[in-house]
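Trainee: Could you walk me through one spot in this model up close? After that, I'd like to hear about the pockets and the strands too.

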Amino acid sequence: MRTIKFDIDQQLKEMTEHRTDDLSIACYKTTISEHAQGYIPLHWHDELQFVAVIQGEVLFHINEQQVAVTEGNGVFINSGMMHMAEDWSTGDPSIYLCLNVSPQSLAPAELYMKYVHPYVTATNLPYLMIEKSNSWGEQLLQNIALVRQEIEEQAPYYELNIAGAVLEIWKRLIMNGYSLEHNETEMIRSKRMKHMLMWIHQNYAEPLRLDDIAKAGQLSRAETCRNFQQILRTTPMQYVLDYRIRKSTELLRFSQRSVTEIAYEVGFNSTSYFIEQFRKMMKITPLQYRREEQKGS
């Protein structure tokens with residue numbers, strides 16, 4: 001039964017506070033199939049993310065790129081990058097360790113501008129594969145596992161051990177020799193995309209037009225469609241439809257409203273069309289979904 005709820009705000013920013021006691025660090029073991037929608041929805045956060053896949057295969061969507069990460073390997077996802085994850089395994093459920101780190105916590109202020117800021121703001125580094133087949137990647141993956149172990153055991157001075165392991169992870173990553181670029185056009189495109197998504201999330205229950213979405217991003221209709229296709233692999237109006245279905249799952253789980261009430265509340269003007277689209281996306285009807293969720297709670 002899928003029970004984990006993944007909270008994001010109106011701008012797709014993840015709301016989880018990534019902290020371990022006094023450190024701006026968190027490390028989770030994530031089983032994708034346990035999440036409410038069966039995948040990790042599109043989101044972003046300020047923290048740097050280091051992933052180590054410990055079972056199965058995970059397909060990450062990072063900006064407009066798809067990255068398949070197999071068992072034993074990992075991926076680094078830079079700050080502010082929009083990303084989602086799907087279980088791509090044909091066997092056992094995919095599981096990965098997810099280490100989130102605040103960029104500001106990596107180095108003292110006098111070193112931050114030299115060793116952290118250029119990488120966080122680089123427009124050609126949305127992600128970097130971490131492969132066990134090379135020595136730096138293998139050591140980095142081991143350190144992710146070490147951080148998880150230290151958090152679980154909390155032996156004396158474990159915070160210092162975590163801080164040391166995270167610093168070593170970052171050092172190995174930037175020593176990998178990545179040539180950095182800072183493209184202002186890409187930065188503007190990313191900001192406009194986030195504005196359009198925020199506008200959709202604030203107005204999804206109202207009748208929405210492509211022209212309105214384009215206006216929110218200060219783009220033409222054609223450029224809006226192109227950005228959605230390149231970054232999200234969908235059209236603006238299909239994204240609206242998918243988002244309405246996603247919001248309806250929350251109401252089905254946490255309210256007693258009827259299916260008709262929920263359909264109109266999330267922006268549909270026909271109950272039958274809502275049920276049809278819900279079934280297409282979720283593979284079951286709204287009522288079946290509600291019953292399954294109530295059974296598992």
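Which residues does Thr271 touch, not counting residues up to four places away in sequence?

Mentor: Leaving out residues up to four places away in sequence, Thr271 touches Val259, Thr260, Ala263 and Tyr264, where a contact means heavy atoms within 4.5 Å. Keep in mind that this is a predicted model, so local features need pLDDT of at least 70 and side-chain atom pairs count only at pLDDT 80 or more, while totals for chains, interfaces and linings use all residues. Residues are numbered from 1 along each chain as its sequence is written, and side-chain values use heavy atoms, with hydrogens and water left out.

Thr271 sits in helix α10, which covers residues 271–282 (helices are DSSP runs of H or I with at least four residues, strands are E runs with at least two, both numbered from the N terminus). Thr271 counts as buried because its relative accessibility is 19%; the cut-off for buried is under 20% relative accessible area, with a 1.4 Å probe and protein chains only.

Now for the pockets. A pocket here is an open set of points on a 1 Å grid over the protein atoms alone, where a 1.4 Å probe fits, with protein on both sides within 12 Å along at least five of seven lines; lining residues have an atom within 4 Å of a point. In the largest pocket 27 residues do the lining, and Ser79, Met81, Thr123, Met187 and Ser190 lie nearest the centre. Helices α2 (117–120) and α5 (184–203) each supply at least two lining residues, and α5 gives the largest share, seven residues. That lining splits into 11 nonpolar, 10 polar and six charged residues; Ala, Val, Leu, Ile, Met, Phe, Trp, Tyr, Cys and Pro count as nonpolar, Asp, Glu, Lys and Arg as charged, and the others, Gly among them, as polar.

The second largest pocket comes to about 530 Å³. Of its 21 lining residues, Tyr39, Met84, Leu232, Asp242 and Met281 lie nearest the centre. Elements giving two or more residues to that lining are β2 (40–43), β5 (65–70), β7 (83–87), α7 (221–232) and α8 (236–254). Of these, α8 brings the largest share, four residues, and the lining as a whole has nine nonpolar, six polar and six charged residues.

Some of those strands also turn up in an open sheet of four, in the order β2-β7-β4-β5, with antiparallel pairing (strands pair if DSSP finds at least two bridges between them). Since β2 and β5 are at the edges with a single partner strand each, one side of each is left without a neighbour in the sheet. Within that sheet, β4 (residues 57–62) pairs antiparallel with β7 over five bridges, and Val58 faces Asp87 in β7.

Finally, look at β8, residues 95–101: seven of its seven residues are buried. Ile95, Leu97, Leu99 and Val101 point one way, and Tyr96, Cys98 and Asn100 point the other way. Strand β1 (residues 25–31) pairs with β8 antiparallel over seven bridges, with Thr31 opposite Ile95. Strand β3 (residues 48–55) is also joined to β8 by seven bridges and runs antiparallel to it; there, Val51 has Cys98 as its bridge partner.

Methods: Buried < 20%, exposed > 50% of the residue type's maximum accessible area, 1.4 Å probe, protein only. Points joined across faces, edges and corners; volume = space filled by probe spheres on them.
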